[in-house]
Amino acid sequence: MWLADVRGHSSILSVPDGAVWATVVGLVHRNIGSFGTEEAPLLLALIEDAVRGVSWWAPDIDGAEHVTGIAHWLLPHFDHYRGDDARKRILKVIAKIPKAAPARFEAVLRGQIREGWHHDPVAEDFQDILLTGLDGAPTARYLPDLLISVALDRFLATEEYLREEPYGRSTIDVDLYFGIKEHLHHNFFPASAFRGPWINLLSHHPRKGLDFLIQVFNHSAEWYAHPRFHAPLEPAWEVELMFADGTRRKQWVNSRLWGLYRGMTVGPYVLQSLLMAFEKWLLDYAKSHPEGLDAVLLEILQRSDSAALAAVVASVATAHPHRSGEALLVLLSVQDYVEIDRSRMAGEHQTSSLTGLFPTLSAEKKFFEEERKKSNALPHRMHDLEAAIANLQLGPLAPRVHTIIDRYIAALPAPKKRDKEDLTWQLALHRMDFRQYDVAEIQPAGDETPATDGEEPQNNYIRLEPKPPAPEVQQLVDESTKTLGEMNARLGVHMWGLKTFRREADSADPARWRDMLASAKGMDRTAEHPDNSRNAPGFVAAVCVRDRWDAMSPEEKDWCVDVICSEVSRHADQWGTIDRMQRFSMLADRPCAFVVPLVLSKSLTETQTPRVRQAFVVALSHPIDEVRWYATWGIDDKFWAANRSLALRAVNAIATEAAFADRIWRAEEMHYDKRRTSASISAAAAEEVRQRFWTEGEIAADAHVRLDITEIFGAEANAKVLTILGQVPNEALAVAAHRRASEDLVECWNRKHDRSPDRRNRNFHREQEISNRIQQFAMRAPDADAKKVLQPILDTVDRHPREVHSVIQGFTTSEDSNPNTPHYWFLWNLFAEQVKRAKWLAHLDREHPHGSEVLSTIFLTAWWKDNVRHWRSLESYAHNVDALFDALPPVWIVLDSYVRFLYHIGERSMPAAFMRIANALRRGNPTDMLRESNTVFMLEVLLQRHVYTRPLELKRDPTLRDAILYVLDVLVESGSSAAFRMRDDFVTPAA
């Protein structure tokens with residue numbers, strides 16, 4: 001009862017205030033030995049409340065030594081897997097007040113590996129909390145030496161580290177090439193300036209922060225320049241910086257190192273975050289200490305071996321050129337830096353557009369991404385070193401800039417010996433040199449009008465006109481302009497065809513088809529271009545055949561047919577190239593293969609017919625697998641309606657080819673050393689089918705039924721067979737084929753338990769392909785047929801819940817994008833009934849229970865955006881999820897899954913769901929069911945949405961009112977201060 005009173009005080013004073021807090025935590029700490037494990041959640045909630053008000057402007061609290069004492073007493077109570085969540089909450093409390101007990105803080109942070117263990121999970125969790133998120137600021141402020149020591153040990157790989165780890169395998173984490181230990185990238189993604197305590201370290205201890213960064217990046221540069229592994233990344237080269245006092249410094253550079261601070265190149269996320277934090281601190285320093293910026297930038301350049309830090313210096317100097325004059329002069333001494341930074345500027349648009357491209361499910365990660373968006377929008381991103389050096393000439397350092405430029409010009413080869421690179425550099429020097437500009441005139445800014453008599457002009461600008469460059473440079477400019485214009489014209493046609501083919505109506509005007517057709521007809525289809533614009537005619541032809549056939553003239557039709565057949569046949573016999581497995585949808589053979597089946601249904605001339613028929617077979621048996629897929633997708637329901645027999649022949653031809661290849665493969669197995677390659681076998685099988693296809697009776701009508709889909713080639717072909725048959729879900733042969741696929745898929749799952757010597761290796765990519773085909777078919781097939789197809793999978797919910805969960809998630813994803821709501825819930829209930837009978841239900845109270853994946857998907861908890869509160873497909877069907885919750889055991893993971901459902905999309909089940917939750921808590925063990933902090937948090941939020949917005953409605957229903965009070969009571973007993981306040985507010989008599 002005494003503890004409940006203490007907890008009551010802490011709940012009322014959620015944000016610590018006044019002397020009572022120090023008294024309370026002191027009293028608890030002095031009597032800590034009288035508490036047991038059952039009180040641990042309440043004690044944890046107490047100390048969390050105690051440090052709730054700690055911030056950078058209020059870093060100290062009374063009684064901090066007692067709070068940290070309670071926290072250290074609690075840690076051993078959660079030193080197990082089940083206590084992972086609570087342990088991290090305790091560590092976050094300790095992280096807020098590091099100076100309360102620095103020796104104990106250091107002991108936990110450094111850790112101690114116990115006998116029989118390979119690591120200290122508590123120390124690793126604590127290091128992650130301090131080094132990868134937002135909780136390390138107090139440590140950076142008060143214990144910088146400890147933070148730096150632990151960070152260096154955690155981040156930097158050593159020769160001893162390599163000897164201890166098994167790095168003889170074929171793949172090596174890219175981080176190791178930079179001298180960074182493996183397996184850190186997950187904790188530092190997405191990279192951000194706020195990822196870790198580095199800005200705080202630099203702000204409070206700039207000298208130590210600079211030393212730390214320079215040590216990290218000098219180590220990284222040395223490892224990158226002298227790789228410890230075979231097949232290194234692209235090499236770096238040395239450049240030499242020249243300083244005003246005559247000293248020199250060599251640095252390692254390439255585009256990968258230079259682009260790290262912008263996240264433009266692949267490298268360790270920990271290094272990217274350090275660079276981003278360093279840049280942000282320097283930009284802030286430029287505003288607060290403008291007179292000292294240049295000296296800091298110069299010191300970085302003088303002490304650094306890595307262009308990664310020089311790139312940050314260049315960024316800050318570009319933003320503040322007149323405060324960074326000496327640093328800019330040093331950077332100008334390296335031609336490579338000027339040129340690489342121009343490439344960096346050209347890629348800025350793409351970097352900005354990729355930020356936030358993928359959905360972010362974590363609030364913390366969203367915070368990091370928002371920081372990147374703001375950083376991407378800084379004005380100096382669209383400028384480079386050229387612009388900064390040009391600006392520098394508006395001040396007293398202009399003569400020194402001109403001296404360096406003149407030195408570069410003098411070093412150029414004789415005019416007649418200059419190659420393209422020399423002329424490009426000469427042009428850059430011309431752009432940078434303000435002596436190569438004339439003052440044109442003074443113009444009013446923006447929409448301002450010139451000053452009248454007696455008025456002072458406001459905000460006028462001087463317009464500078466560049467002088468003509470040297471003739472040889474001007475010739476390069478003219479040639480580049482012409483080449484660029486031609487390339488843009490080709491790309492315009494290509495992008496129109498690509499976007500129109502994809503039906504991206506917002507970005508391409510389909511009505512321009514005749515103009516685009518005329519342009520495409522005038523293009524050279526044989527000339528290869530780096531931009532792949534040679535493919536433009538193929539895209540235009542595919543679009544015109546698909547969308548404009550009846551509007552075209554005979555001559556236009558003939559041109560389109562010729563292009564389509566030519567593109568499909570272009571690489572039809574190139575079986576030995578690496579392109580066979582490429583994925584590149586901007587090549588013209590893809591859309592052309594897609595429309596070949598459509599062309600077959602058109603009225604063709606005698607000349608066109610044999611070419612199109614041949615192209616159709618070639619597309620189905622193409623060396624490039626992606627081309628085959630486009631042809632497969634082209635055999636749609638319209639094709640079936642127009643020519644069912646030809647669609648079936650295509651299905652059987654694919655099966656015949658695979659069976660032929662498998663026979664050759666089996667025959668060759670006994671001659672392992674002399675066995676034919678997979679490519680040569682595929683070529684022979686494709687040629688066999690091409691010869692037979694149009695001869696009546698040469699392709700067996702039941703080949704797809706007899707196909708052994710467990711063989712190598714048969715398994716690959718089966719996905720395409722199912723795709724074509726999936727277009728006719730009412731056909732009995734389609735149902736039978738998908739039923740066989742389900743049975744085969746289950747056999748693949750069973751193989752993970754197969755320990756026999758002759759067991760087959762699982763092909764997870766192929767399994768996912770087949771699973772996708774089954775899902776798509778089941779979502780379109782009639783109820784009875786869908787159940788028949790899914791029955792083998794339904795029967796494995798008990799044995800293979802991890803595999804089954806992806807099938808259920810596939811149905812939900814399909815329903816969300818292309819609703820078939822009554823049928824979706826029919827399928828959902830099929831799986832729900834199997835879940836209710838699963839044997840693993842009896843063991844759901846374990847730490848990592850079997851079946852957890854299925855529970856996550858059957859309760860619809862995955863992949864919802866943060867702002868989603870309702871799913872349209874739940875309307876009139878939410879009772880299904882409620883009934884499932886009622887039918888399952890009252891254990892922590894079931895409650896967590898149901899609460900997640902309510903929190904994200906289950907608002908239609910509220911507030912009646914509180915009665916279901918209360919009943920489940922009464923049936924189960926409330927303490928155990930609420931052991932996950934995230935469950936408590938979401939339940940608190942759900943209650944707040946109703947207790948504070950609809951209190952009268954909740955109180956009018958006695959059953960609902962009692963249920964809510966019970967849930968609040970249970971939450972309070974679990975240490976929820978939010979529930980304590982809500983309970984107090986809720987029991988207040990209604991007005």
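Predicted model: local features only at pLDDT ≥ 70, side-chain atom pairs only at ≥ 80, totals over all residues.
Residues are numbered from 1 along each chain as its sequence is written, and side-chain values use heavy atoms, with hydrogens and water left out. Local features need pLDDT of at least 70 and side-chain atom pairs pLDDT 80 or more, while totals for chains, interfaces and linings use all residues.

**View 1. Helix α30 and its neighbours (residues 608-620).** Let's start with a helix (a DSSP run of H or I, at least four residues, numbered from the N terminus). From first to last C-alpha, the 13 residues of α30 reach 19 Å, close to the expected 18 Å (1.5 Å times one less than the number of residues). Its buried residues (under 20% relative accessible area, 1.4 Å probe, protein chains only) include Gln608, Val612 and Phe616. The buried residues of α30 pack against α28, α29, α31, α32, α33 and α34 (contact: heavy atoms within 4.5 Å).

**View 2. Phe105 and Phe126, an aromatic pair.** Rings of Phe, Tyr and Trp (its six-membered ring) pair if their centres lie within 6.5 Å; planes under 30 degrees apart are stacked, over 60 edge-to-face and the rest tilted. That rule gives 34 aromatic pairs. Here, the rings of Phe105 and Phe126 sit edge-to-face, 5.0 Å centre to centre with 65 degrees between the planes. Phe105 belongs to helix α6 and Phe126 to helix α7, so the pair ties together parts 21 residues apart in sequence. Both Phe105 and Phe126 are buried.

**View 3. An aromatic cluster.** Take a look at Tyr824, Trp825, Trp828, Trp864, Trp871 and Tyr877, which form one cluster.

**View 4. Leu464 in strand β4.** Leu464 lies in this strand (a DSSP run of E, at least two residues), which covers residues 460-466. With a relative accessible area of 33%, Leu464 is partly exposed (between 20% and 50%).
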